[in-house]
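Please find below a note on the model under review.

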Number of protein chains: 2
Amino acid sequence: MIHTPYLLFLGDAPDSLAAKVAQGIKDWRPENSVGQLRLQGCKADLGLTDMTLAEAKAAGAKTLVIGVANRGGVISPSWKAVLIEALEMGYDLASGLHNLLRDEPDLVAAAEAAGATLHDVRVPSVDYPIANGIKRTGKRCLAVGTDCSVGKMYTGLAMDAAAQKMGVKSTFRPTGQTGILITGQGVPLDAVVADFMAGAVEYLTPDNDDDHWDMIEGQGSLFHVSYSGVTMALIHGGQPDAIVLCHEPTREHMRGLPTYSLPTLEALRDMALPLAKVANPDCKIIGISINTQHMSEEEAIVYLKEVEDRMGLPTVDPYRQGAERLVEALAVI
Amino acid sequence: MIHTPYLLFLGDAPDSLAAKVAQGIKDWRPENSVGQLRLQGCKADLGLTDMTLAEAKAAGAKTLVIGVANRGGVISPSWKAVLIEALEMGYDLASGLHNLLRDEPDLVAAAEAAGATLHDVRVPSVDYPIANGIKRTGKRCLAVGTDCSVGKMYTGLAMDAAAQKMGVKSTFRPTGQTGILITGQGVPLDAVVADFMAGAVEYLTPDNDDDHWDMIEGQGSLFHVSYSGVTMALIHGGQPDAIVLCHEPTREHMRGLPTYSLPTLEALRDMALPLAKVANPDCKIIGISINTQHMSEEEAIVYLKEVEDRMGLPTVDPYRQGAERLVEALAVI
């Protein structure tokens, strides 16, 4: 659990895209962000107040979050002075980079001296149990995709946000580093040891109120041969009551696998539902989330209607339209 | 890769079952076993020559394999003197216990002094790649089960042995610690980090001769919610050309999951094949392996015929009948 609120460190981000983790935090948890800290040459701007470490500290910030990724996911030498100063001032540090904070001796020394914590959200900090498959109280919704990176995290966050607005009890449950930084907790599922994957998902989504929904972030795809085992563990460990199918219609092949074509939404439905019913015989597919970012507004509307008619399920792009219809569809459970 | 041949250490095994790893090595790779080493009170006996460390060394043994598991999978203090003496004499040590050799400072010190290697086969020793899904040359057969521990390793070993006898090129590819100790190499798949599971299976089963079969040891089950992610990674990383369904007909519930009943062989077939076709569209289910150890010979024969008629696939218990019919069935690929 990472202490909030954050000061968002954008470093010397070469463009907005490099700061997409910080952007996600600002978009989804504005209350977690007191300001942004930019170094000379930074080309990203979240529209938050620029603050020094001291100013943000005075405004209540507890953790400096590295919200920027440079090439190779490393901790840039040019960031070091700021990071060490932050630790000395009593900030914790949080990072989702491949290059771990804990592998930098100067950061470790500064953190120890200050009694501060280094959060590397890419690696597990918990010894997860082996899954026991016992039915848990409360309800769970899982986003499963035709491919990686088709909008599963976005769908989960958007459904959680819509649920909050609609007065439906809900918690977003992140399973990847960006989601973990956004909410301050979660499980970095792709870094968990195989035997404990499903148990980690059970740990992430414990017993809850009968009318409470966990919106579980999906990972990978049953059709993506590199990561399908992670998806499988989410389907069985998450024992979802509801599944939302996620798709990006303009993609020409599976991400990173040029010889693999994307499955249809029908094929995804027919594969995911029987597998989900192993852990939860009452599981239903309740809606479809389409990432239409590469389509015009008009194309998107035509496509969404076509899919909705064909599949007989509420079909939305949560970015363009919000996720209210998906949350409404949970009522069938 | 563990150097063979072995001296098999049975320690103070309280019964034969405690020495089942050693038994597996002796049964499947007799040429790897020069003898057995038993401590006072040992109740197991493989029927191999009892040897001292010096005698086995003279007979060519290169590695002392801990072929016994005591309660808790720990390294017993009573074994230590022998293990340290073995290291001092130039043996490598190999173990599949939870309690790692490398976590015992006295063993580490003795190994370093002697230039010997400690093999903990329960943990990966390789940085496996992320799976790339590219079609490999050669052929692969994977055992998939209705449950854990239904005879998938046995099926793979028996098919490999039958193939060798029949002049079919074949290699058994272990994915668990017992199989790794038996053959001296393999991937401890349940201990691999999630993102690299399928890549580890690709690594284990590389390009090969067009008429060569990898007999891949299965793990878990698509229907076992604790471990299904590992099974999924085998199906996609292994890109099998042939699948053998494995089943134990007397089991009353999924292993360790009292509220989960076993799937039918039909359900396993219908779940596994579409998933396998994602990675290898030509994959076929070629036969069925039944573990009839809890049935009489008569019951077994009736049951095997019933399954064969119902499923339309060669159905054998490889322990009672050998695996020749399963290897013959590979000819359809």
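The points below concern conventions, aromatic rings, helices and sheets.

1. Conventions. The model is predicted: local features require pLDDT of at least 70, side-chain atom pairs count only at pLDDT 80 or more, and totals for chains, interfaces and linings use all residues. Residues are numbered from 1 along each chain as its sequence is written, chains are lettered from A and ligands numbered from 1 in the order in which they are written, and side-chain values use heavy atoms, with hydrogens and water left out.

2. Aromatic pairs. Over all chains there are 8 aromatic pairs; rings of Phe, Tyr and Trp (its six-membered ring) pair if their centres lie within 6.5 Å, and planes under 30 degrees apart count as stacked, over 60 as edge-to-face and the rest as tilted. The pair of Trp28(A) and Tyr154(A) is edge-to-face because the ring centres are 5.0 Å apart and the planes stand at 75°. This pair joins distant parts of the chain, 126 residues apart: Trp28(A) belongs to helix 1 (residues 20-28) of chain A and Tyr154(A) to helix 5 (residues 152-166) of chain A. Helices (H or I, at least four residues) and strands (E, at least two) are DSSP runs, numbered from the N terminus. Ring pairs also bring Tyr319(A) into a cluster with Trp28(A) and Tyr154(A).

3. Trp28(A) counts as buried at 17% relative accessibility, whereas Tyr154(A) is partly exposed at 28%. Buried means under 20% relative accessible area, exposed over 50%, and partly exposed in between (1.4 Å probe, protein chains only).

4. Chain B. Trp28(B) and Tyr154(B) form an edge-to-face pair, with 5.0 Å centre to centre and 75° between the planes. Trp28(B) is buried, with a relative accessible area of 18%, and Tyr154(B) is partly exposed, with 28%.

5. Charges over rings. The charged end of Lys57(A) sits over the ring of Tyr91(A), 5.0 Å from its centre. In chain B, Lys57(B) lies over the face of Tyr91(B), at 5.0 Å from the ring centre. The criterion is that NZ of Lys or CZ of Arg is within 6 Å of the ring centre and within 35 degrees of the ring normal.

6. Helix 1 of chain A. Its buried residues are Val21(A), Ala22(A), Gly24(A), Ile25(A) and Trp28(A). The elements they pack against include strand 1 (6-11), strand 2 (33-38) and helix 5 of chain A.

7. Strands 1 and 2 of chain A. These strands pair in the parallel sense over 5 bridges; two strands pair if DSSP finds at least two bridges between them. Gly11(A) stands opposite Arg38(A) in strand 2 of chain A. Of the 6 residues of strand 2 of chain A, 5 are buried, so this strand is largely enclosed by the rest of the structure.

8. In chain A, an open sheet of 6 strands has the order 7-8-6-9-10-11, with parallel pairing. Its edge strands are strand 7 (170-173) and strand 11 (315-316) of chain A, each of which pairs on one side only.

9. A residue with contacts in both chains. Ser228(B) is buried, with a relative accessible area of 1%. Residues up to four places away in sequence aside, Ser228(B) touches Met232(A), His236(A), Ser221(B) and Leu222(B), where contact means heavy atoms within 4.5 Å.
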